[in-house]
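Here is a short note to read alongside the model. Please keep the structure open while going through the points.

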Amino acid sequence: MKIFITGISRGLGRAIAEEALAAGHRVIGISRRPPAGDVLEAAMTAGRCLWFSCDLRDASAVESVLARLKLPENQPDVVILNAGASPDPSNGPTCAAMAETFAVNVIGAMVWIEGLIAGDSPAPVRQVIYISSAAVFNRNRIPNLAYSMSKYVGTRAICRLRPRYPRVQFTVVYPGFIDTDMLGRISIPRWMKYTTHRAAKKVLSTVGTNRRFVPVSRRGILAGLLFSLLPPQAARLVMKPRRRDS
Ligand SMILES: NC(=O)c1ccc[n+]([C@@H]2O[C@H](COP(=O)([O-])OP(=O)(O)OC[C@H]3O[C@@H](n4cnc5c(N)ncnc54)[C@H](OP(=O)(O)O)[C@@H]3O)[C@@H](O)[C@H]2O)c1
């Protein structure tokens, strides 16, 4: 299968790409920076992984990748909308943070659906997997309001597209807490975190299934439930933003 993944330079996206290659799939990915690590570098050299530099906030960059994805040899069977932005929440919900978060987490996901599934010559995409967040259930309890609201809008938009494209399976994944750069921006107890590869295997296990909603970790569900019982202000004290040095 050909799997198109957004945000493969690091974190969950890189782990999904590595697990997909290990399972024998071909990977096409985008990110602003090239994917790090021996596995993806070797796969790119061997022609099993194709990477395009693309900033999801740049419409012309997205258009040029879409044109490449429509070539018969690149048309993906599965699209994994993984790229995500979560600007530093310690400064509060600034306009710049909201613009970036919505541009990447909402528009930067929808644009691939419009470009590949809608339109005159749709690619043979069978499944779209949107990496959502349990933050959508605790929107007002999460320190980064722009992040949780953008994930909520992205998730709702995916759900509303289901009836419009009945031949495509839309799957929403709620990853829980995964040990990545993004999670480094808030303080989370270590026991709640999953490794990227464990979460990636779970994401890939949904490929080819008709599952609509997939929680990755029981720990994430438990943490979300406990969180939802706290008053919003207390919850925001538990999940504090970490101030960065620069
Ligand atoms: N980590 C968690 O606990 C957690 C929990 C719930 C949901 N999620 C979701 O899981 C997904 C992956 O998160 P992660 O933790 O792996 O984050 P991460 O380590 O920060 O990685 C984010 C990925 O998205 C790409 N990206 C960000 N902005 C981009 C842009 N403007 N254009 C193109 N690519 C961009 C990054 O690549 P470049 O910087 O190279 O562009 C990177 O590959 C996200 O959708 C996130 O919301 C994560």
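1. Helix H3, buried face. Start with H3, which covers residues 59–69 and has Val62, Val65 and Leu69 as its buried residues. Viewed down the helix axis, these buried residues stay within an arc of 65°, so they line one face of H3. Keep in mind that this is a predicted model.

2. What do the buried residues of H3 pack against? Their partners are E1, strand E2 (26–31), strand E3 (49–53) and helix H4 (95–116).

3. The chain as a whole. The protein chain holds eight helices and nine strands. Its C-alpha atoms fill a box of roughly 55 × 40 × 35 Å along the principal axes. A compact globule of 246 residues would have a radius of gyration near 18 Å, and the value for this chain, 17 Å, agrees.

4. Burial and contacts. Of the 246 residues in the protein chain, 43% are buried. Now take the contacts between residues at least 6 apart in sequence. Of these, 67% join residues at least 24 apart.

5. Strand E4. This strand runs over residues 78–81, and both of its faces are covered. Val78 and Ile80 are buried on one side. Val79 and Leu81 are buried on the other.

6. Neighbours of E4. Which way does E4 pair with E1, and over how many bridges? The pairing is parallel, over three bridges. Ile80 in E4 is the bridge partner of Ile5. E4 also pairs in the parallel sense with strand E5 (residues 127–131), over four bridges. There, Val78 stands opposite Gln127.

7. The ligand shell. How many residues surround the ligand? There are 28, and the closest are Gly7, Gly11, Arg32, Gly84 and Thr180. Two elements give two or more residues to this shell: helix H1 (11–22) and strand E7 (177–178). H1 gives the most, with three residues. By class, the shell has 13 nonpolar, nine polar and six charged residues.

8. Ile8. This residue sits in the loop between strand E1 (2–6) and H1. Is Ile8 buried or exposed? Ile8 has 31 C-beta neighbours inside 10 Å, so it counts as buried. Leaving aside residues up to four places away in sequence, Ile8 touches Gly13, Arg14, Ala17, Gly29, Ser31, Pro35 and Trp51. Asn82 is 74 residues from Ile8 along the chain, and their C-alpha atoms are separated by 8.2 Å.

9. His197. Look next at helix H6 (residues 196–204), where His197 has its place. His197 counts as partly exposed, because it has 16 C-beta neighbours inside 10 Å. With residues up to four places away in sequence left out, His197 touches Ala15 and Glu19. The C-alpha atoms of His197 and Ala15 are separated by 5.3 Å, although the two residues lie 182 apart along the chain.

10. Points to check on screen. Then follow E4 to its parallel partners, E1 and E5. Finish at the ligand, with Gly7 and Arg32 among the closest residues.

Terms used: Residues are numbered from 1 along each chain as its sequence is written. This is a predicted model: local features need pLDDT of at least 70, side-chain atom pairs count only at pLDDT 80 or more; totals for chains, interfaces and linings use all residues. A residue is near a molecule or strand if its C-beta atom, placed from the backbone, lies within 6 Å of it. Ala, Val, Leu, Ile, Met, Phe, Trp, Tyr, Cys and Pro count as nonpolar, Asp, Glu, Lys and Arg as charged, and the others, Gly among them, as polar. A residue is buried if 20 or more other C-beta atoms lie within 10 Å of its own, exposed if 12 or fewer, and partly exposed in between; C-beta atoms are placed from the backbone. Two residues are in contact if their C-beta atoms, placed from the backbone, lie within 7 Å. The arc is that of the directions from the helix axis to the C-beta atoms. The radius of gyration is taken over C-alpha atoms; the globule rule is 2.2 Å times the number of residues to the power 0.38. Two strands pair if DSSP finds at least two bridges between them.
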